[in-house]
Amino acid sequence: MSDEPQQQSGDPEPRGRRPRDLPAGAAAPGPQGAPATDTTGKKQKKPRRPKRTGWRRAVPTWRMVLGGIILIALVLIGGFIAGYQLVDIPSANASATAQSNVYLYKDGSVIARDGEINRENIKLAQVPLTVQHAVLAAEDRDFYSERAVDIKAMFRAGWNTATGKGKQGGSTITQQYVKNYYLGQEQTVARKIKEFFIAIKLNREESKSHIFEGYLNTSYFGRNAYGIQAAAQAYYSKDIGNITTAEGAYLASLLKAPSAYDVVTHPENKGTAVARWNYVLNGMVKEKWLSNTRRAAMTFPVPGPVKPANSLSGQRGYIVQAVEDYLVQNDILDEKTLATRGYRITTTLEKKNQDALVKAVNDNVMAKTTTERDADRNVRVGGASINPATGHVVAMYGGIDYTMQYVNNATRTDYQVGSTFKPFVFTSAVANDSTTQDGRRITPNTFYDGTNKRMVQGPDGPTGYAPSNEDDVNYGPITVRTATDKSVNAVYAQMAEDVGPGKVRQTAVNLGIPKDTPDLTASPSIALGPATASVLDMTEAYATLANHGRHGAHILVDKVTKDGTTVDLPDRSTKQAVSRQAADTTTSILQSVVDGGTGTAAQGAGRPAAGKTGTAEEDKAAWFAGYTPDLATVIAVMGQDPTTGVQKPLYGALGLDRVNGGGTPAETWAQYTGAALRGTPVKDFTLDLESDTDDTGLPSEASTAPGNTGQPSRTPSRTPSSTAPSAPPSTPPTNPSAPDNSTATTGGGTDTGASTNGGTDTGGGDSGGGNSRGSDTGGGETGGVNTGGEDNRGGDSRGGDSGAATPGGLLEGARGTHAPGRP
């Protein structure tokens with residue numbers, strides 16, 4: 001038997017791997033767990049780890065990652081400890097005794113100060129529980145259970161802001177209270193860091209109820225109301241203890257955007273405000289703070305009228321409101337920052353012009369009102385004036401007195417602009433080289449069918465839209481220039497279809513009409529002005545025409561400073577909105593409106609002028625929009641019930657049967673423009689007109705027959721200068737709805753005839769001297785020939801549309817040139 005130890009059964013080999021043959025001198029492995037030794041018996045050194053190569057060198061090892069995490073954690077912990085130790089809870093800020101904001105004319109003279117702080121601190125127990133719940137539902141539903149700072153919400157808000165989803169709020173009520181009471185509204189990193197640590201300390205030292213009470217007392221609700229008690233008085237003339245759940249939900253809604261959600265001063269934002277109110281109430285139901293039954297029974301509680309301080313009486317309050325809106329909308333100052341006061345704001349308004357505009361309105365409108373006429377109590381006036389070269393708003397009229405009528409009539413967007421929109425249609429036609437349905441190029445001399453209630457024809461036939469002319473006057477074949485003088489709806493509705501309603505809409509936007517203007521709908525009816533642009537918007541668009549088609553946004557603020565530091569204002573950029581030729585050719589036909597059309601009262605300015613009259617549906621507003629080379633101004637007289645706020649027709653107001661754009665608004669425009677430009681050199685228009693065309697024949701019989709419902713002729717009288725625009729939809733317009741061929745969409749949308757004996761329109765069309773031939777039906781303009789002068793007022797009897805019995809003899813030369821036989 002061998003002396004060697006025997007292997008266990010089934011284990012022919014020793015456990016573990018058999019060592020390979022080792023080279024001479026190599027160390028033999030020692031016993032398990034023992035270091036290896038070489039042949040001399042010395043310990044062998046452990047071989048070095050091979051170096052990382054290639055892409056592996058760029059990948060951190062787990063040791064590096066772990067070390068980095070530990071280092072970051074140590075830095076954050078150390079920073080937190082240091083910040084917590086170094087940042088103390090400060091004394092309350094000085095917002096309770098903040099300075100006034102001072103508003104100045106461009107020359108530095110004071111317009112207004114708004115430094116009265118309206119605040120009354122109350123105890124949390126005085127606030128109804130339902131109102132407390134409404135605020136929590138609006139701002140921070142987990143306030144009582146959450147920590148002082150919501151890290152997740154802060155990072156989410158920062159990410160949303162950085163990725164272009166708009167400015168997001170990630171602050172808890174505690175953080176907002178710290179910002180309101182201890183710090184300020186400045187959007188800086190330092191302020192956010194302080195807010196973070198103060199909120200944590202405050203949350204440890206004060207109860208949630210104390211913090212919530214402070215938040216309710218320091219928050220800004222608009223209407224110069226600081227704190228929820230002041231807000232209850234400002235909006236509902238009640239103490240907070242008497243506020244209902246629905247009213248409390250509205251007050252809570254205001255915290256997000258105080259003035260913007262004030263449905264009284266900004267009626268155009270009511271839809272958004274109501275949506276926010278519903279969000280608050282639905283949140284209360286979700287949190288089981290309000291039953292579904294009570295929620296379903298609630299209706300929106302419209303707040304009461306504004307009760308401004310006397311320091312904002314007259315035009316001052318309107319100006320302050322418009323300036324604050326301008327600063328907020330242009331991201332110069334947010335509303336809460338502006339409410340901290342201390343800003344010195346220099347506007348672009350010029351005192352001379354402002355005084356002249358107020359006097360013109362008083363002389364031509366307010367002085368003609370009387371308490372003996374019920375219609376006069378409905379009269380409202382809005383006005384705005386812009387320097388076309390600079391875009392500066394030099395004058396603004398918002399209403400008779402901000403303490404009596406608090407809605408700014410210069411900036412409100414709820415009255416139809418009527419026929420003052422028509423020039424944008426013609427501008428678009430020239431800018432797009434548009435042609436009529438039968439291929440004739442659209443110029444001032446192009447003939448259209450002005451038949452009353454003529455069906456608008458599209459490329460595929462009738463569109464279902466047949467607007468009425470003012471007073472149902474038939475004009476028959478008529479040139480674009482004369483149709484503009486007389487504000488003929490039938491012509492301009494067809495022109496809008498010929499150009500393409502979408503193109504017309506885009507041209508209006510390019511000129512300065514906001515693209516979100518209500519009822520700015522791409523249909524043939526767009527030509528008649530159902531859109532409800534503001535007076536200021538319309539002034540900006542007409543200033544673009546005066547500036548030869550070059551557009552820049554209007555400017556209302558020239559300089560802002562606080563404590564000697566200047567606040568940055570955005571640079572104004574301009575661009576060529578439409579070609580100079582398109583703008584100038586439009587100016588030429590608008591000169592005709594002043595020279596002998598519906599706007600002759602504007603001649604009272606004593607300056608070369610161009611302009612257009614307009615009337616809203618049911619005569620609820622009358623407009624005159626016009627300009628000289630130096631100044632663009634729009635005046636609108638509006639009807640509104642002072643008690644209900646409902647728009648009212650102006651029939652019988654100012655002692656007139658009807659108030660039209662060619663009467664009181666044009667007279668007001670003339671007086672103001674003459675006074676504003678007094679002492680300055682008289683300038684004439686320098687125009688680059690569209691090249692004349694021989695495409696002056698009458699429309700084809702098929703496309704101009706009154707009430708024609710057949711396919712219009714597509715045979716052009718000459719080769720058109722450009723390709724006709726793409727075919728717009730042929731379905732009837734949806735806004736306004738397709739008419740029944742009995743009335744126009746905007747009540748005619750025209751102002752035909754200048755005012756006589758104080759601005760009264762007698763008859764329609766151009767009565768008061770125009771169209772004395774009687775009706776234009778039958779032979780009045782048969783074949784396009786006028787027998788005698790078309791306008792006894794001189795509208796086109798200067799050689800334009802009178803004289804020859806052939807189309808060529810009927811045409812007037814381009815504005816700025818002389819037609820044959822015209823002096």
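**View 1. Arg377 and Asp641 form a salt bridge, with their closest N and O atoms 3.9 Å apart.** A salt bridge here is a side-chain nitrogen of Lys or Arg within 4 Å of a carboxyl oxygen of Asp or Glu. Arg377 sits in the loop between helix 13 (351-364) and strand 6 (379-386), and Asp641 in the loop between strand 18 (632-639) and helix 20 (664-676), so the pair ties together parts that are 264 residues apart in sequence. Helices (H or I, at least four residues) and strands (E, at least two) are DSSP runs, numbered from the N terminus. Arg377 is partly exposed at 42% relative accessibility, whereas Asp641 is buried at 12%. Buried means under 20% relative accessible area, exposed over 50%, and partly exposed in between (1.4 Å probe, protein chains only).

The model is predicted: local features need pLDDT of at least 70 and side-chain atom pairs count only at pLDDT 80 or more, while totals for chains, interfaces and linings use all residues. Residues are numbered from 1 along each chain as its sequence is written, and side-chain values use heavy atoms, with hydrogens and water left out.

**View 2. Arg658 forms a salt bridge with Glu470, the closest N and O atoms being 2.1 Å apart.** Arg658 lies in the loop between strand 18 and helix 20, and Glu470 in the loop between strand 10 (461-462) and strand 11 (477-479), so parts that are 188 residues apart in sequence are tied together by the pair. Both Arg658 and Glu470 are buried.

**View 3. Strand 13 (residues 557-562) is joined to strand 5 (residues 343-347) by five bridges, and the two run antiparallel.** Two strands pair if DSSP finds at least two bridges between them. Val560 in strand 13 is the bridge partner of Ile345. Two bridges also join strand 13 to strand 14 (residues 565-566), again antiparallel, and Thr561 stands opposite Thr566 of strand 14. The hairpin of strand 13 and strand 14 has two residues between the strands, and in it Asp563 takes a positive phi near 50 degrees.

**View 4. Ala231 lies in helix 7 (residues 228-236).** Ala231 is buried, with a relative accessible area of 0%. Not counting residues up to four places away in sequence, Ala231 touches Phe221, Ala225, Tyr236 and Leu251, where contact means heavy atoms within 4.5 Å. Asn217 is 14 residues from Ala231 in sequence and 10.0 Å from Ala231 in space, C-alpha to C-alpha.
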